Amino acid sequence: MTERELQERLKSALDHAAPDDLDAVLSRCGAEKGNVIDLNGTTAARRRKRPRARSLIAACLALALLGGGGGAFYQRAYAVASVVSLDVNPSIELKVNRSEKVLSCAGLNAEAAAVLADMDGGRDLKGAKLDVAVNAIVGALVRNGYLDRLDSAILISVEDRDTARGARLQQELVASVDGVLQSAENTASVLSQNVAADAGLNSRAQKNNISTGKAHLIDRTLALNGDLSFDELAALSVEELRDLLQTGAPGMPIGQDAALRAALDFAGLSETDCTAYEVDPELDERTPCYEVELFVNGRETEYGVDAYTSQVIRGEPLPAVTAPALPRSDTPAVTEADAEALALADAGLQDADAITTRSDYDDGRLRYEVTFFAGGCAYEYEIDAATGTIVGSDRDRDPRAAQTVSTPEPTGDVGGDAAVAAALDHAGLAEGQVSRLKCEQDRDDGRIEYEIEFTCDGYEYEYTIDAATGAILDHERDWDD
Amino acid sequence: MQEAAKPMEALSPDRARLEALITGVAAGDRDALGQLYGAARGAVYAMAVGLVKNAHEAQDVTQDTFVRIWDCAGQYRPGGSPMGWILTVARNLALMRLRRDARVQTMDEAAWDAIPADAPGVTAEDRAVLQTALESLTDRERQIVLLHAASGLKHREIGQLLDLPLATVLSKYHRALKKLRVLLEGDDAK
């Protein structure tokens, strides 16, 4: 069976095994797209999603802000009985009457305004039942990518003079929101909390364009660390505040925007170079950080940015992406023959079997992919056509060797220590620099080999060493995820 | 850099077609979603089954992926790799499911054999080749081989998708194919 035949068999098998039920997909698309929109009588204008996911909340606390808040009680139908706020990073506040009809819905910050844009800034929800309105808002949050991540969190706060009604509303809303998220197969969690409002809470919330529920979370954080600033904390998401509470608020995190900037600077990119990006606060990890994912030219690169120092602690720059594009030319500086000679020279060979060279563009640069066989090994090189730089290379056992039926009995054994030394030497590392060093003897194709693994500076190295000669048969360096 | 890459993308009819379909989906065109489903479901399933290692879960992830694409097609930026973007969505959903389940299911024979029972189009040959791929390859090898077979992506693009150097993709690919060939031809010989 040739390689092509095997590939075709695999493709055919996958096509047959893959589900083929478009109707099921379409039925879900229709339902999810219509949910929020139909209920509120607005048109189904699709909005470009902000690719940046925010947080959702964990564990179900109960937030019932008692007393304060709301406003004056005048006429029964128009009197505010409860104030319900939903916070992720967008902060949205709903005022409802005793019949649980929405009197007003307001986005308290710019992100909230964007989420409510499909609902005429929240005005479409006026007169709707509270649970319907909350479902609509949660649906919009999901569609806008705010609740995508596993550790995302949403905070529900209920403020009501009537303690029993506040508690019941809060319970119903938590169950309702949880149901919406589950039906969307969303794993974000729902957080609520019990809060006793104080006189200053509303004014502090209003000053910072946040809800009283979020203001209360900030007060709790400040109680752990009085050196922090209310105004700075107000800019954090609910998820970040939750993590701060859980970790004793050791300091002021740099925030998602600063983390993104740090990662972009480190990568040598600007925001416009990215097709999308995502920032995920991980303040409750052993090393609190922001995980920043940048999507550039279809490639996703992840960076870890220390949450308190802005230092990039994981990831690598992207020189290939930031280098200026060379004009494409019919006569590249390096010809195919040059590329083959460069590859052979690098491999220490005069000649080889079955040399094949393909040219391909990668990020706008012409590259040669040179493959050949020699001495029982298969070689692959990737060479930049403009500069002759070897941008990638690999040596592996010649796959054609599998055809051979018998191989001579192996003789000699350099020993595990020598094999490790050969691998470390090749990697340019000393034993003291690496961790998780493993060395195992293995038998493959009638040959005794040492399989050696170790990690260093976030990279995982794998070597296969011929026990008889100490020669490196195969090696790889991979990002250790 | 993106500007430099664009003329290259425009040369590929498959890419242009996928990109046009994603644009249609972003505008709410259900026919476009249907065509996109036909063109990419095999590749999405390959990505899903390579990660979740369970036939039924992979079918769920495949369906979820196209629902998610319906919701967020507006997020795709023209000029990129449409198949790479689709598979990134699939990969994220598969990883989310794994994290939600907080376990990686080992792919036992019973789970894999459940596919033919559910999918009448799966032949004995399909079963043999897929079962061998699932059982005998390492996680990375399986992902690379299945994606290359089903998605039409080049090794370089698979490397970008899985965040692996090209040389690693090539080496694992060749090693995996060698393993598969030996195993399958051994079976044929019987």
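Reader: How many helices and how many strands does chain B have?

Author: Chain B has ten helices and zero strands, where helices (H or I, at least four residues) and strands (E, at least two) are DSSP runs numbered from the N terminus. Along the sequence, chain B accordingly reads α-α-α-α-α-α-α-α-α-α. This is a predicted model, in which local features need pLDDT of at least 70, side-chain atom pairs count only at pLDDT 80 or more, and totals for chains, interfaces and linings use all residues. Residues are numbered from 1 along each chain as its sequence is written, while chains are lettered from A and ligands numbered from 1 in the order in which they are written.

Reader: What makes Asn208(A) buried?

Author: A residue is buried if 20 or more other C-beta atoms lie within 10 Å of its own, exposed if 12 or fewer, and partly exposed in between, with C-beta atoms placed from the backbone. Asn208(A) has 20 other C-beta atoms within 10 Å, and is therefore buried. Its place is in the loop between helix 6 and helix 7 of chain A.

Reader: With which residues is Asn208(A) in contact, leaving aside its neighbours within four places in sequence?

Author: Contact is defined by C-beta atoms, placed from the backbone, that lie within 7 Å. On that basis Asn208(A) is in contact with Asp231(A) and Ala234(A). Asn208(A) and Phe230(A) are 22 residues apart in sequence, and their C-alpha atoms are 8.9 Å apart in space.

Reader: Why is helix 6 of chain A called roughly perpendicular to helix 7 of chain A?

Author: Helix 6 (residues 199-207) of chain A packs against helix 7 of chain A at an angle of about 105°, and the axes are 9 Å apart. Axes are lines fitted to C-alpha atoms, for helices over the stretch in contact, and angles run from 0 to 180 degrees between N-to-C directions. Angles under 35 degrees count as roughly parallel, over 145 as roughly antiparallel, 65 to 115 as roughly perpendicular and the rest as oblique. The pair is therefore roughly perpendicular. Leu201(A), Asn202(A), Arg204(A) and Ala205(A) in helix 6 meet Thr212(A), Ala215(A) and His216(A) in helix 7 of chain A.

Reader: Why is helix 9 of chain A described as mostly covered?

Author: Seven of the nine residues of helix 9 (residues 238-246) of chain A are buried, so the description follows from the burial cut-off already given. Among the buried residues are Val238(A), Leu241(A) and Leu244(A). The covering elements include strand 2 (82-87), helix 7 (212-224) and strand 8 (276-282) of chain A. Just after helix 9, Gly248(A) takes a positive phi of about 80°.

Reader: How do you know that strand 3 and strand 4 of chain A pair?

Author: Two strands pair if DSSP finds at least two bridges between them. Strand 3 (residues 91-96) and strand 4 (residues 102-107) of chain A have five bridges, in the antiparallel sense. Val96(A) stands opposite Val102(A) in strand 4. The hairpin has five residues between the strands, and Glu100(A) takes a positive phi near 60° there.

Reader: What makes strand 8 and strand 11 of chain A edge strands?

Author: The open sheet of four strands has the order 8-9-10-11 (chain A), with antiparallel pairing. Strand 8 and strand 11 (312-314) of chain A each pair on one side only. Strand 10 (residues 299-306) and strand 11 of chain A pair over two bridges, and Val305(A) has Val312(A) as its bridge partner.

Conventions. Contact = placed C-beta atoms within 7 Å.
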